[in-house]
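Me: I've got a model open and I'd like to learn how to read its features. Can you walk me through a few?

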Amino acid sequence: MGLKFLYPEYEVVRNYDRCISCRACERQCANEAHEYLQNENKIVCDDAKCVNCHRCVSLCPTRALKITASGNTYKSNANWSGKTIDEIYRQAESGGVLLSSMGNPENYPVYFDKILLNASQVTNPSIDPLREPMETRISLGAKPCKIERDENNRIVNNLPPRISISMPVMFSAMSYGSISYNAHESLARAAEELGILYNTGEGGLHEDFYKFGANTIVQVASGRFGVHPAYLNSGAAIEIKMGQGAKPGIGGHLPGTKIIGDVSRARMIPEGSDAISPAPHHDIYSIEDLRQLVYSLKEATNYKKPVIVKIAAVHNVTAIASGIARSGADMIAIDGFRGGTGAAPTRIRDHVGIPVELALAGVDKRLRDEGIRDNVSVIVSGSIRSAADVVKAVALGADCVYIASAALIAMGCHLCRSCHAGRCNWGIATQVPELVKRLNPDLGYKRLVNLMTAWEHEIKEMMGGMGINSIESLKGNRLMLRGIGLNEKELEILGIKHAGE
Amino acid sequence: MKRVYVNEKWCLGCHLCEYYCAFAGFLERGENDMARALKTSKIKPRINIEEKDGVSFAVSCRHCREPLCVKGCITGALSTFDGVITINGDKCVGCYTCILCCPYGAISPSETGAVQKCELCVKTIGGTPACVKGCPNNAIVFEERG
Ligand code: SF4
Ligand code: SF4
Ligand code: SF4
Ligand code: SF4
């Protein structure tokens, strides 16, 4: 279509003093950015093909490569940024909706970074986690608030089904299809070794992974892909996905090209057919309808599995959560607007939803005010980046967090945000066999275990500093938090004081 | 004894093992910058990637229990040390009998006139062989498998 207006965003810089023409970069770039010139024994590059995934940079044995911003610039304009102009060029060329992947990268406030933690001094001494026991194990699910007795006045065990995990972090939903078999296996094996749970996402479950059932959350989403009795009964808990932080209000679409072989079998749809998850569940238009699905799933699993309802953090999240807490669900998962995705329309990802910190604080307060906080456990997600974020989330009232982007990064993801292209050079967000095999689960799972082990140490360290020896005593303990650079309203919503108060 | 084993399922065909192998020879001579070492010459690794139709794997000396190369060698240049099949460059006359004997194609000529082969890096870096260390995907491993 005539002239192309777009200039490459990145430049692949090769130091020819160091390049030994081993061709590893050329062989490993699925975008075919590198080219080997036989006659000159020299590698050259087409910058326009580079998505900045760092595969070649990481593999180059002589550190001859780096990727830089191309630096090409338009006349500076505070209103029309280069990115905005490029997006218009792109759409004027394609006529299509802009697609993106991973989480919202825009410059909105990150509330976790505006919250500081407390530490003990003089009174209430701090605890050394290396010398004294520290409890990070948590139990998730509904808590009965009444003691029931039988006719002989003996206490009846009325505890609903719960799950117990070794630390307040779980791997969030990522479907087999959106991520590769090897990525899935890495998550499942890591969850098993760590004593936490991973989540199947909405793509059903590959038969090879049923053996990790005790460490699995099976998801039921609007497309109902791969849902059957054995699937529901295979996991430790069932999650109903109502929404996703990266794309609240819209459904999902896994293109038919990715629905091949095992993926099609796990989803129970024909090979090559597009997997379209509708925006709403077509049988849920009210809390009462949701309650029906919650109880249908409980019925199907003999009331043995806790049910999680996952929603995106949107404007009236507190009211929705209040409804869910009365629907019979055992847990609510709230996914903030920075949550990742394998593909979402850019405008939705970048402009819809609210920060999870605010949603969490609001939901926790509302449920407590209404006296129904014990009906449910609250799980939050949407860019939990470090152990500090975990501790802050728990102090803001979360029982547990979900991580996904951080887990993918641990396995090699470099946040190039081109998952939707299906050619992940790290073998994560792809179904191309030659690319999938780049992630050896023996290595991937170990990296996940290492990351979580490191976070657990850090969580204990921070708790110890505050003089707290059990994660349960940190939960909702807002006195351990202070805001920095926040206004009155923000502090009020978060329910915390300003630093210095 | 620990040997280099191949997990071809995970081999990416990146050929990095060949370069790390070639570089190990330079380390022995005190050159520790890979770019300087390998910039000018074409590499002659002792491990080689075989690839066809999307399948690839690394081939190097198996350190056979009954090494045909050692049996075939006319000067006694090849011998077994603690299970490692080793070449004594001073004794080798370059007749290439061993190259013809080895069923794996694991021995090759070198520029010194004597043949070269994998010696599990015992003479170069000690410990884990350089190819195994450099493999990004555990497609070759250094293990005890009896
Ligand atoms: S797309 Fe990735 S592998 Fe290819 S040139 Fe860019 S950074 Fe390197
Ligand atoms: S991987 Fe590094 S050394 Fe090898 S060809 Fe590419 S730039 Fe050169
Ligand atoms: S370095 Fe490993 S993955 Fe790469 S070609 Fe050699 S054996 Fe295969
Ligand atoms: S060189 Fe060949 S025959 Fe000799 S020990 Fe190695 S693999 Fe066996």
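Reply: Let's start with what covers a helix: around the buried residues of helix 8 of chain A you'll find, among other things, helix 7 (287-300), strand 17 (307-312), strand 18 (331-335) and helix 10 (356-369) of chain A. Helices (H or I, at least four residues) and strands (E, at least two) are DSSP runs, numbered from the N terminus. This is a predicted model, where local features need pLDDT of at least 70 and side-chain atom pairs count only at pLDDT 80 or more, while totals for chains, interfaces and linings use all residues. Residues are numbered from 1 along each chain as its sequence is written, chains are lettered from A and ligands numbered from 1 in the order in which they are written, and side-chain values use heavy atoms, with hydrogens and water left out.

Me: Which residues of helix 8 (residues 317-325) of chain A are buried?

Reply: Buried means under 20% relative accessible area, exposed over 50%, partly exposed in between (1.4 Å probe, protein chains only). In helix 8 that covers A:Val317, A:Ala321, A:Ser322, A:Gly323, A:Ile324 and A:Ala325.

Me: At what angle do helix 8 and helix 10 of chain A pack?

Reply: Axes are lines fitted to C-alpha atoms, for helices over the stretch in contact, and angles run from 0 to 180 degrees between N-to-C directions. Here the angle is about 50°, and the axes are 9 Å apart. That makes helix 8 of chain A oblique to helix 10 of chain A; under 35 degrees counts as roughly parallel, over 145 as roughly antiparallel, 65 to 115 as roughly perpendicular and the rest as oblique.

Me: Which residues of helix 8 and helix 10 of chain A make the contact?

Reply: Contact means heavy atoms within 4.5 Å. Helix 8 of chain A brings A:Val317, A:Thr318, A:Ala319, A:Ala321, A:Ser322 and A:Ala325, and helix 10 of chain A brings A:Ala359, A:Gly362, A:Val363, A:Arg366 and A:Leu367.

Me: How do I read strand pairing?

Reply: Strands of a sheet pair through backbone hydrogen bonds, either parallel or antiparallel. Two strands count as paired if DSSP finds at least two bridges between them. In chain B, strand 4 (residues 78-81) and strand 5 pair in the antiparallel sense over 4 bridges, with B:Thr86 of strand 5 as the bridge partner of B:Ser79. Along strand 5 (residues 84-87) of chain B, B:Val84 and B:Thr86 point one way, B:Ile85 and B:Ile87 the other, and all are buried. The hairpin has 2 residues between these strands, and B:Asp82 takes a positive phi near 50° there.

Me: In what order do the 3 strands of the open sheet in chain A run?

Reply: The order is 6-22-23, with mixed pairing. Strand 6 (115-117) and strand 23 (497-498) of chain A are at the edges with a single partner strand each, so one side of each has no neighbour in the sheet. Strand 22 (residues 481-483) and strand 23 of chain A pair in the parallel sense over 2 bridges, and A:Arg482 has A:Lys497 as its bridge partner.

Me: Is A:Ser383 buried or partly exposed?

Reply: A:Ser383 counts as partly exposed, at 28% relative accessibility.
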